[in-house]
Amino acid sequence: MSEPTQRRLAAIVSVDVVGYSRLMGADEAGTLATYRTHRSDLIDPLIETHNGRIVKTMGDGLLLEFPSVVAAVECAIAIQNGIISRNTEVAKDIAIRLRIGVHLGDVVVEKDDIFGDGVNVAARLEAFGEADCVTISGTAYENIAGRIDAGFIDLGDQTFKNIARPVRVWQLSLAEAADTVTPDDPVLADKPSIAVLPFDNMSSDAEQEYFADGIAEDIITELSKISRMRVIARNSTFAYKGKAVDLRQVASELGVRYILEGSIRSGGNRLRITAQLIDATDASHLWAERFDRTIDDIFDIQDEITKEIVTALRVKLTDGEQAHFLARGTNDIQAWQYCVHATELFLRFTSSEFLEARSLAEKAVERDPNYAYAWATLGFTYWWDGRLGYTGDTVAKFARAREYAERAMALDDTVSMVIGLNVMVAASQDRFSEGIDLARRGFSLHPGNADIRAFLAFALVHGGGFEEAVDHFRAAMALNPFYPNWCRNGLARSLIALDKLDEALAISDEILSLEPSFVQAWVQKAYIFNRIGRSDDAGQAIKEVMRLAPNLRLEHIPGFFLLNDTVILNRLLDGLREAGLPE
């Protein structure tokens, strides 16, 4: 009688030598000796240290198994770092370079060997990856996120031969960091990483503050269109506004190598803008310039600064990035200033500032009716008004938001603000698949934009793709280390849908520690407490909800959460009803 098939969950690692046949053809004896030395002195000891085992060797490749995916990824990173370090001592054309793939999945066990889909995925990840990289699956990433200090980049869903479903792929490149990192260096990403600090307003006119902020924000937006750069989001860099900062500390806190800082001084129609690009590893200046121009030249100055950064960091642009790299929506400086000011106001989420923001956005579209960003700004004031119920008649507000969203899209469908508004409007009107498709297109246009990643995550939450949403929320947070509470809240909502209640509760507590009046977090806490049997705590959370939002009723919850998944929505409604939220 045959033994039953044994299965287990395992962390599988596939290792391969890049260009092995070429190396052997050039110097067989030398390649074999070098690889054997790497194995005996570096690779095999690291595998043992991380409690892994060599399942089998396959010519120049290795198949490894680890009981923990964290240990597997840590070992893979240590191996790559060790090999890269050793390669600094030999010529590049004879250096041994590795590709490594890591997957967490189900395997079939036969004696000491393992087989199955999990092994195949690890092998495909390794083959897909680049030299000097560690490439891991979405399943592996979910289990290491927040537990390993490494800048993995989301490469999206990939289709592999003989693998039934697309595989989410994340990759960490270690070669670039190896050239420059010292033990005391800031944590560096695997792409050129930059933070654009808010420009100092050196003018006596306080109104110029918005002007200075707009310059920095536009540069961030343009840089985030470049797939080969990691650009920290505005929310994080503007946390340093008005503060005397140590650039090395800023770089460490934000996880970047490069920092752009500058100032603006205006008088009449004249501007003086200074900007400097700094390498935070040694505080050296890569580029610095002073611009003495008229206010009508502001957009040209921004474009020039952005191009200088790309040149200084030797970033290669794709043809598509070249096409929309310096896209500009208006030549009207006043319209642009109105929008900068309006965005600043409505992101404070208070009723009075919403109305002021709307007034400014209306002035912007009056000055330039072809300015897509202005229409999107105006549309967002109506969408959030409908969502939060500031002025009543939610349906009418969402309808007005859609009108302006579509008008903005017709003018320029590549602007991140325009895409984001259309994504959120689609969810509010039950067009969930449309919202997801639009958000994916936005992600392809702006791969480094934290807000676009968050919009894609929200579109997935609305449409029911909760696991993928978690990945995108975490990627958005990596681009925005001081990420806003609305992003935290989206992640918590995704985790609630996945029934990962402990983690969702911890995130909701974090939100409320920063913003005690954040109503959605209290609603989520009430639901979680009810689900885990803490009925008294659920009741207290509902009391806090009613104190903050006395008119909130159970009927408003679908509009609060915008979920297409009726099973999860009904579960949410039942839990809140039991917790005591009024009908």
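At what angle do helix H18 and H19 pack, and how far apart are their axes? Before I answer, a word on the basis: this is a predicted model, in which local features need pLDDT of at least 70 and side-chain atom pairs count only at pLDDT 80 or more, while totals for chains, interfaces and linings use all residues. Residues are numbered from 1 along each chain as its sequence is written, and side-chain values use heavy atoms, with hydrogens and water left out.

To the answer, then: H18 (residues 450-463) packs against H19 at an angle of about 165°, and the axes are 8 Å apart, where axes are lines fitted to C-alpha atoms, for helices over the stretch in contact, and angles run from 0 to 180 degrees between N-to-C directions. That makes H18 roughly antiparallel to H19, a term used for angles over 145 degrees. On the H18 side the contact (heavy atoms within 4.5 Å) involves Ala450, Arg453, Ala454, Leu456, Ala457, Phe458, Leu460 and Val461, and on the H19 side the residues include Phe466, His472, Phe473 and Leu479.

H19 itself, residues 466-479, has 14 residues and reaches 20 Å from its first C-alpha to its last, close to the 20 Å expected at 1.5 Å a residue, the expected span being 1.5 Å times one less than the number of residues. Because 12 of its 14 residues are buried, H19 is largely enclosed by the rest of the structure, buried meaning under 20% relative accessible area with a 1.4 Å probe and protein chains only.

Turning to the protein as a whole, its secondary structure comes to 25 helices and 14 strands, which are DSSP runs numbered from the N terminus, helices being H or I of at least four residues and strands E of at least two. Buried residues make up 56% of the 583 residues.

Definitions and conventions
Buried < 20%, exposed > 50% of the residue type's maximum accessible area, 1.4 Å probe, protein only. Parallel < 35°, antiparallel > 145°, perpendicular 65-115°, else oblique.
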